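Colleague: I am new to this structure. Please show me how to read it, feature by feature.

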Amino acid sequence: MLRAALREVSTALKEGRVSPTELCQRCLSLIKTTKFLNAYITVTEDTALRQAEESEKRYRRGQSLGDLDGIPVAVKDNFSTAGIETTCASNMLKGYIPPYNATVVQKLLDQGAVLIGKTNLDEFAMGSGSTDGIFGPVRNPWSYSRQYKEKCGQNSRLENEDSSWLIAGGSSGGSAAAVSSFTCFAALGSDTGGSTRNPAAHCGVVGLKPTYGLVSRHGLIPLVNSMDVPGILTRCVDDAATVLGVLAGHDPKDSTTVQDPFNPFELPSVIDVSKFCIGIPKEYHIPGLSSETLAVWSKAADLFENAGARVIEVSLPHTCYSIVCYHVLCTAEVASNMARFDGLEYGHRSNIDKSTESMYAATRREGFNDVVRGRILSGNYFLLKQNYEKYFIKAQKVRRLIANDFVNVFNSGVDVLLTPTTLRDAVPYVEFIKEDNRTRSAQDDIFTQAANMSGLPAVSIPTALSEKGLPIGLQFVGHAFQELQLLTVAKWFEKQAKFPILQLQEMLDHADALSHQKISLFS
Amino acid sequence: MHTNYMLFLLFFSVAPWRPVVGLEIHAQINSNSKIFSGSQVQFIAPPNSLVSFFDASLPGTLPVLNRRCVEAAVMTGLALSCSINKKSLFDRKHYFYADLPAGYQITQQRLPIAVNGNLSYTFCVGAKQSQLVTKNVRIKRIQLEQDSGKSLHNDARSQTLIDLNRAGVGLMEVVMEPDMCCGVEAAAAVRELQLILQTLGSSQAIMAEGQLRVDANVSVHHPGEPYGVRTEVKNINSLRFLAKAVDYEIQRQIEELENGGTILNETRTFDYKLGCTIPMRDKEGKQDYRFMPEPNLPPLILYDAKSLPANIGDQQVVNIDWIQERLPDLPSVKRVRLVEQYGILPEHSFTLLNEDGLMEFFEDVVRETQMNPKKVIGWVISELLGHLKQYDLTVKESPVNSLSLADLLNLLERRVISSSAAKQVLKELCKGEGKTPLQMVKEKQLELIQNQSELDQICQAVMERHQEEVMEIKAGNRKVLNKLIGLVQRATERRADPILVKQILEKKLSQ
């Protein structure tokens, strides 16, 4: 049951084959078993059970609120949740309990969804590994999969376990790991440069970044306001469409959401891709791309071609400037957005109180990690009067060129772009931390951040397993506000790819070894 | 021109200094809620009782622009003959301060809502302040922005207390070009702006409540030379202090330069107790505000009749032409009308507008009385206003309402009472005992003696008792007639119409 897709479990709930409380308890139980993944910062057991109970009453009265009623979901810990601690994995917000719900959280709850917990991330979503938060790194569930163990030929898993586990990708690694390890049926991530798609690719789940302006950011603690989009992590494309249908639409509390009404859609069950034109951007064929991922990418293109789709090579000529440009704009907004954390109104406040200024300085030094402080520093540098033209204005201009690259390609008749999501499959934590956060982010966001710069919708689809038995994801980028088309193509591809399901028995054994608890959730 | 400066010119007439004064005025927008949040706007409320999650900068909250604030700024821009930008932008201005919760203020640095306007203002000069001088000041820009909260420092306990009630209240910053040259001009320009804002209702502009705050940029230079280094005198909150602060600062700079000193580009504050400007303790020195576009607010787009998209109602967008058509008469227009309609002096039209509610009061009185408005104006301005000033009352607080003053003037006009009796009654009315003028006249027996034969007899009796004076008049000394009139007045307890008395006496003397 837990391995089912959201749609399937929703049907089961409607038919009374499972009750919301039972479902919730099973998820909570599995969260406990898989605690070592560190996917959750807060598990909201009590409220979840209460919500499940409410849902159960509705089902009994025959007044279900819809497809999400009674469905356990997880939310990244940078979305405000009323009465529930929201930390951004930072000392700065440890203990901070928001008095209001983010619009997307409220929409989930209004549909009867059961909020099961708040998921782990890089501090303030700054990172690509979910390794840089105060609650420690998220472990990729695939580290404990039969597929990985078999391919790696590791029999002596207990001896090696602490060095062999893999990063989940980030910054929404907790949400991706939660969906991937079956502890919830959908999760919210946030996506500023790839933070939903990257961990989706590494954890073998679907990660959707909707068009900027389609989904409200109200209550999402910002990284880069002009690029942040709430992301959706699910086990299949249909589920992503269902959740999008609930979240999308104008929000009077977010002036950057579009006013046009959004019509929730269901994806067709029979899809003919021969009418679509798939673009393959040649600039995405870069030296760092692993041969396996390249092979998967080529195979995918062939798949479309063989099905009668037009597959053409296209050019996004400003791609190579994208990551630098992203860095300037991102840090500038970070510097600005982080200015509010001064210890006065909420969050951490230092004991040093010699003067207001010294209190600010100490609070911010104690509250933020090196990554956050580094970005604040560089962002403020770029915004200085003497540098503003040289860096910020220039980066804005380049951003426009990058966005225009996409416009030009789409105007030439391309419906959807097909690219890798990441350079390669997930790497072990010990490998990952050899590089600093900035270098890692620059490498890992390479295929994803351009969609944020241009506001376009993009989705990562789990495609194949690498030689090591780890997920490889491919990314589709669509026209602005054409999520229906994007997800239709993605759904067709998902069906062809037949990505294998995560074999978790190993993980549960691992859990058993850790906790000596006997569970039989998958019988 | 103020006296200090005039004196100064006497001493240094060789190379006169020319003062240059520009103003930045922050006017709180008169709206029910704040500019980017739904919190209420109120002057007096318990600390931190009008604070939304956005005002306290809770993470994840976003600004939502208040339409009313935009309309107020457009109205003000139009009234100041500005060009209204159909597209304007919001920016973040960063600085750390305890009463600025987000660490930045949302303002309009790059592209403000209105630019290039003009304000004409008039002030009185001359020994009797009877000569009117009219000048212009260019309006550089009007920008929308957020107000900050308030910090209360408790030095004894070395604590700072923050009240965020004001944080996020909408402000219009009006920037005036340095076209003024003394305190009187600066004060007159601000006064005219204040009247315009109050007429429009775009700001209540009550300086004592901080709804209108003025920063003055002051420098001095020799004509023909570049402008001198300027200082900024911040947060002046009364017109009187504005005039004093500017004049003090001009003189201070001139003296400094004459003594071989230099002027620092600094921020100063006006100490109203000492009557001088002093440097503000600015620990951080020159600030770099690190301006950045506000990413959470799309460009502010305004429409006019031409650009208004079809099928979009006036409620969904802000239509400049719609606002223009509904602008009320501005103070300058009202003054011209008053002079033309009632034949009053221009300076009286200024007084009528300067006192809140006085114009309406005057027009009400005129409507209810047969007296010529030219005479009414004297009663309103010299008499009534004089009494109000004496009791430190505003027109709205006047114990005499317009109807009651009209009644009184009608009694005078119908010669029921004399002018001096009318003044006496008005004085009594101002005590606010709630009596009508007629009751008062009856009570004090102030009616003029209307009976001709009664007056005739009184005059006869006075003449008989003062034969010497009668002889003198008959001998040709006409001045003595006034003494006789006075004697009759005394005999009637001032209830005789002096004109009538004169006629009777003259007739009798010539017999």
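Colleague: Does Ala248(A) count as buried or exposed, and why?

Modeller: This is a predicted model, where local features need pLDDT of at least 70, side-chain atom pairs count only at pLDDT 80 or more, and totals for chains, interfaces and linings use all residues. Residues are numbered from 1 along each chain as its sequence is written, chains are lettered from A and ligands numbered from 1 in the order in which they are written, and side-chain values use heavy atoms, with hydrogens and water left out. Now the term: buried means under 20% relative accessible area, exposed over 50%, partly exposed in between (1.4 Å probe, protein chains only). Ala248(A) counts as buried because its relative accessibility is 9%.

Colleague: Which residues is Ala248(A) in contact with, leaving aside its neighbours within four places in sequence?

Modeller: Contact means heavy atoms within 4.5 Å. On that rule Ala248(A) meets Lys107(A), Leu214(A), Val215(A) and Phe262(A). Lys107(A) is 141 residues away in sequence, yet the C-alpha atoms are 9.3 Å apart.

Colleague: Where is Ala248(A) found?

Modeller: Helices (H or I, at least four residues) and strands (E, at least two) are DSSP runs, numbered from the N terminus. Ala248(A) sits in the loop between H9 and strand E7 (277–281) of chain A.

Colleague: Which residues of helix H4 of chain A are buried?

Modeller: An α-helix has 3.6 residues a turn, so residues three or four places apart point the same way. In H4 (residues 103–110) of chain A, the buried ones are Thr103(A), Val104(A), Val105(A) and Leu108(A). They pack against strands E2 (72–76), E4 (186–191) and E6 (229–234) and helix H9 (237–247) of chain A. Gly112(A) follows H4(A), with a positive phi near 90 degrees.

Colleague: How many residues does the largest nonpolar core have?

Modeller: A nonpolar core is a set of buried Ala, Val, Leu, Ile, Met, Phe, Trp, Tyr and Cys residues joined through side-chain atoms within 4.5 Å. The largest has 157 residues, and Leu108(A) is one of those with the most contacts inside it. Helix H14 (residues 385–411) of chain A gives the largest share, nine residues. Another core, apart from it, has 71 residues, including Val190(B) and Ile320(B).

Colleague: How many residues of chain B are in contact with chain A?

Modeller: The size of an interface is often given as the accessible area lost when the parts come together. Here 30 residues of chain B touch 41 of chain A. The count of salt bridges (a side-chain nitrogen of Lys or Arg within 4 Å of a carboxyl oxygen of Asp or Glu) between chain B and chain A is zero.
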